Amino acid sequence: MSLTELPELPGLISSNLGYPRIGGNREWKKALERFWKGSMDESELHIEMKRLRLEHLSKQRDKGIDRIPVGDFSYYDHMLDTSVMFGLVPERFNYRPDGPVPLSVYFGIARGQKGATASEMTKWLNTNYHYIVPELANATPVFTENKPLQAYREAKQELGIEGKPVMIGPYSFVALSKGYDRKDLAAIVRSFLPLYARVLSELAAEGVQWVQVDEPVLTTSFPAEDLDIIQEAYEALAEAAPSLNIVLQTYFGSLDHYEHLSTLPVQGLGMDFVHDDGKNLQHVLRHGFPAGKTLAAGVIDGRNIWRSDLNDVAVLLGQLAKQTTAAQLIVQPSCSLLHVPVSLEAEHKLDPDLVQALAFADEKLEEIAALTAALGKREPSALAKLGQSADAVARFNSSAARVQTAADMAALLAKEPQSRSVPFAERRVIQQDKLKLPPLPTTTIGSFPQTAEVRKARLHYRRGEWSAEQYRTFIQQQIKEWIDIQEDIGIDVLVHGEFERTDMVEFFGEKLKGFAFTQNGWVQSYGSRCVKPPIIYGDVSFDQPMTVEETAFAQSLTSKPVKGMLTGPVTILNWSFERNDIPRSQVALQLALALRAEVEALEQAGIGMIQVDEPAIREGLPLKKEQQQAYLEWAVQAFLVTTATVEPATQIHTHMCYSEFQDMIQSISDMDADVISIETSRSHGELIVSFEDQVYDKGIGLGVYDIHSPRIPDVSEMLSMIQRALRVLPSDLFWVNPDCGLKTRTKDESVAALRQMVLAAQAARDSLTVSS
């Protein structure tokens with residue numbers, strides 16, 4: 001694109017919505033974990049967290065961002081921050097509102113503590129970030145402290161930065177909470193408005209110019225009748241702080257009610273022009289944009305790691321500027337950069353052709369700054385960057401890595417089985433005759449503790465300090481130790497422990513074709529848990545067996561069945577940074593065919609139980625109801641393709657966790673797994689209610705304890721969960737298991753909890769015998 005074709009947008013400014021908390025080298029994660037282990041005291045933790053906050057703010061300023069978010073930094077989760085700011089502490093934590101919530105209580109809500117279970121954790125809309133779900137049952141919101149004001153003051157006093165305080169809006173906060181009847185939503189939102197009004201009025205009194213109020217639920221298919229309470233809420237907030245400029249920020253999709261929402265009494269509207277399927281642009285072009293308001297345009301992808309063609313983005317900004325003025329247009333990411341790694345600076349081992357096509361958080365800030373300087377000020381160096389980006393993207397998209405070489409998927413699948421050869425009712429008889437499992441069989445989800453010793457051994461091997469044989473011997477020792485432990489505890493179906501695996505997605509990506517891996521591409525998943533998603537840059541295909549050696553070795557040590565453990569195609573897709581040049585459904589089916597080869601290899605090696613985990617299948621569900629069925633159809637198809645060719649006697653398991661599954665029970669059944677294990681302890685058994693109205697006719701294990709908390713529940717607590725489930729689920733189809741893998745727990749915690757679990761299962765079996 002020539003210089004004359006680029007739009008001139010004088011007065012254009014830049015903004016950011018949020019920055020990764022974890023630090024370039026995960027300093028945030030490491031500080032938290034030292035604190036939890038007792039090797040750092042609270043004052044030291046506060047000092048380290050402040051250092052990171054200021055470092056992140058300085059970096060955004062130095063990158064050329066005009067409106068820098070403050071208050072997006074958290075010690076754990078932004079929804080939890082809002083809960084404690086409004087005194088929403090569950091009664092079991094024995095907190096009485098009296099000023100700021102202590103850090104011990106804050107972390108107790110997130111992680112649990114002795115005598116008090118953690119609050120539920122679930123996915124943040126359709127991402128792999130998990131938030132702590134606020135509990136509103138019997139709660140009376142009270143003001144404890146003004147966290148956005150504190151963040152604003154710190155940025156201004158320490159760095160001279162006129163920050164943009166960020167907070168979750170009242171409608172989304174309540175809509176994403178639990179513990180109330182949906183018909184009472186409006187009344188509950190009203191109960192929070194005086195608290196929000198106080199926060200905003202104090203910000204206005206401090207001289208704050210702009211506040212970012214996040215309302216991501218506005219991009220979902222929320223009920224149209226909620227528009228009344230949304231209108232009422234923002235009228236109340238405008239009245240409380242009339243001098244304050246509020247930008248109502250949305251992301252992850254388009255606005256169904258654009259005409260109404262664009263007229264709310266706020267000074268700016270933030271919209272996602274990347275993940276909106278083009279609908280937000282259509283809204284603006286068709287209906288215009290309100291005069292005098294600021295349009296905060298999310299034009300740089302905040303969720304994926306691909307570099308933008310800045311010439312294309314410039315054209316989009318030019319279209320938007322025609323509906324408003326350049327001085328009322330803001331260039332920003334489509335969402336918070338929380339969802340991408342910090343920087344490409346450490347990525348020296350990636351293929352240079354791939355690196356030139358990537359942009360992490362820092363590079364995305366540079367893209368935003370370049371657009372602002374090029375279009376707003378016509379700076380020559382910035383204009384050059386626009387052309388360079390277009391050339392780089394074009395080169396990579398035309399490279400061999402991006403030119404699809406797989407056979408046409410529809411033609412290929414037409415020749416392949418896409419369902420089991422025998423229905424579940426018949427398979428069940430065959431499998432029970434072979435396995436002879438007791439009632440309420442016990443098992444685990446797959447992983448056992450990744451101790452410092454295990455991580456050290458893996459590092460030795462990766463650095464070349466250990467031979468392949470040394471590493472194999474070590475892994476086999478770990479497997480044998482845990483096979484012995486499981487047999488001693490009395491678990492019925494065993495696992496090998498996954499000690500050879502760094503991450504449940506990364507491990508498989510490293511062994512399949514079409515993936516690339518970063519050195520430092522970490523993102524936050526929940527709490528201090530960070531993951532390093534692989535990059536799917538090309539066609540995916542099977543190379544060689546990935547899990548057979550370790551699983552077969554474990555099976556050779558015991559007469560009990562050992563499950564083969566695989567990550568499913570949709571989870572690999574959703575937990576990777578996927579390619580953006582072909583449909584997601586096609587990538588999922590490529591993954592399914594590759595994993596089918598591994599399923600067949602395990603079966604040929606004598607493994608009669610194979611678990612294909614799909615914990616992320618729910619999080620990929622589109623936010624718009626009208627798009628959800630199509631997604632579920634291809635997601636279910638991908639699972640069926642993966643497992644379709646096994647013999648009837650081979651028992652297929654799957655696992656799902658940390659999402660709301662009530663609205664997709666039928667799709668879960670359609671996956672036709674013989675057994676599904678699903679989280680229910682963290683949500684305090686609420687999923688069980690779904691089975692009162694919906695029949696589930698296959699094997700199912702509802703997790704009886706929360707593995708993400710160090711707390712060890714007692715036998716009676718787990719027994720109560722089992723008995724509650726058996727009131728709505730048949731005992732001959734019910735399994736007993738934790739709600740997720742034990743990778744993050746210690747050996748002592750794992751053994752103690754599993755012993756309690758087996759005792760609870762035995763007590764439940766005894767009660768079945770008595771009742772019969």
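**Close-up views of a predicted model**

**View 1. Strand 9 and its two partners in the sheet.** Strand 8 (residues 268-272) and strand 9 (residues 294-300) run parallel and are joined by five bridges. The model shown here and in the other views is predicted. Within this pairing, Leu269 has Leu295 of strand 9 as its bridge partner. Strand 9 is also joined to strand 10 (residues 329-333) by five bridges, and these two strands run parallel as well. Here Ile300 stands opposite Pro333 of strand 10. Seven of the seven residues of strand 9 are buried, so the strand is largely enclosed by the rest of the structure.

**View 2. Crossovers on either side of strand 9.** Strand 8, helix 10 (residues 279-287) and strand 9 form a β-α-β unit, and the unit is right-handed. From strand 9 the chain continues through helix 11 (residues 310-321) to strand 10, in a β-α-β crossover that is right-handed.

View 3. The bridge partner of Gln249 in strand 8 is Gly270.

**View 4. Packing of helix 1 on helix 2.** The axes of helix 1 (residues 27-37) and helix 2 (residues 42-62) are 10 Å apart and meet at an angle of about 175°. Because angles over 145 degrees count as roughly antiparallel, helix 1 is roughly antiparallel to helix 2. Helix 1 contributes Glu27, Trp28, Ala31, Leu32 and Phe35 to the contact, and helix 2 contributes Glu42, Leu45, Glu48, Met49, Arg51 and Leu52. By class, the residues of this contact are seven nonpolar, four charged and no polar.

**View 5. Surroundings of Thr650.** Thr650 is located in the loop between helix 23 (625-643) and strand 17 (651-656). With a relative accessibility of 4%, Thr650 counts as buried. Not counting residues up to four places away in sequence, Thr650 touches Arg420, Gln431, Glu603, Ile607, Gly608, Ile610 and Asp674. Ala238 lies 412 residues from Thr650 in sequence, and the C-alpha to C-alpha separation of these two residues is 62 Å.

View 6. Glu598 belongs to helix 22 (residues 584-604). Its relative accessible area is 0%, and Glu598 is therefore buried. Neighbours within four places in sequence aside, Glu598 is in contact with Phe542, Gln544, Pro545, Met546, Thr547, Val548 and Leu566. Of these contacts, Phe542 is 56 residues from Glu598 in sequence and 7.9 Å from Glu598 in space, C-alpha to C-alpha.

**View 7. The hairpin of strand 12 and strand 13.** Strand 12 (residues 523-526) pairs with strand 13 (residues 529-531) in the antiparallel sense, over three bridges. Tyr526 has Arg529 of strand 13 as its bridge partner. Two residues lie between the strands of the hairpin, in which Gly527 adopts a positive phi near 50°.

Technical notes:
Residues numbered from 1 in each chain as written. Predicted model: local features only at pLDDT ≥ 70, side-chain atom pairs only at ≥ 80, totals over all residues. Heavy atoms only, no water. Buried < 20%, exposed > 50% of the residue type's maximum accessible area, 1.4 Å probe, protein only. Helix = DSSP H or I, 4+ residues; strand = E, 2+ residues; numbered from the N terminus. Pairing = 2+ DSSP bridges. Right-handed = clockwise from strand over helix to strand, strands pointing away. Axes fitted to C-alpha atoms, helices over the stretch in contact; angles between N-to-C directions. Parallel < 35°, antiparallel > 145°, perpendicular 65-115°, else oblique. Contact = heavy atoms within 4.5 Å. Nonpolar A, V, L, I, M, F, W, Y, C, P; charged D, E, K, R; others polar.
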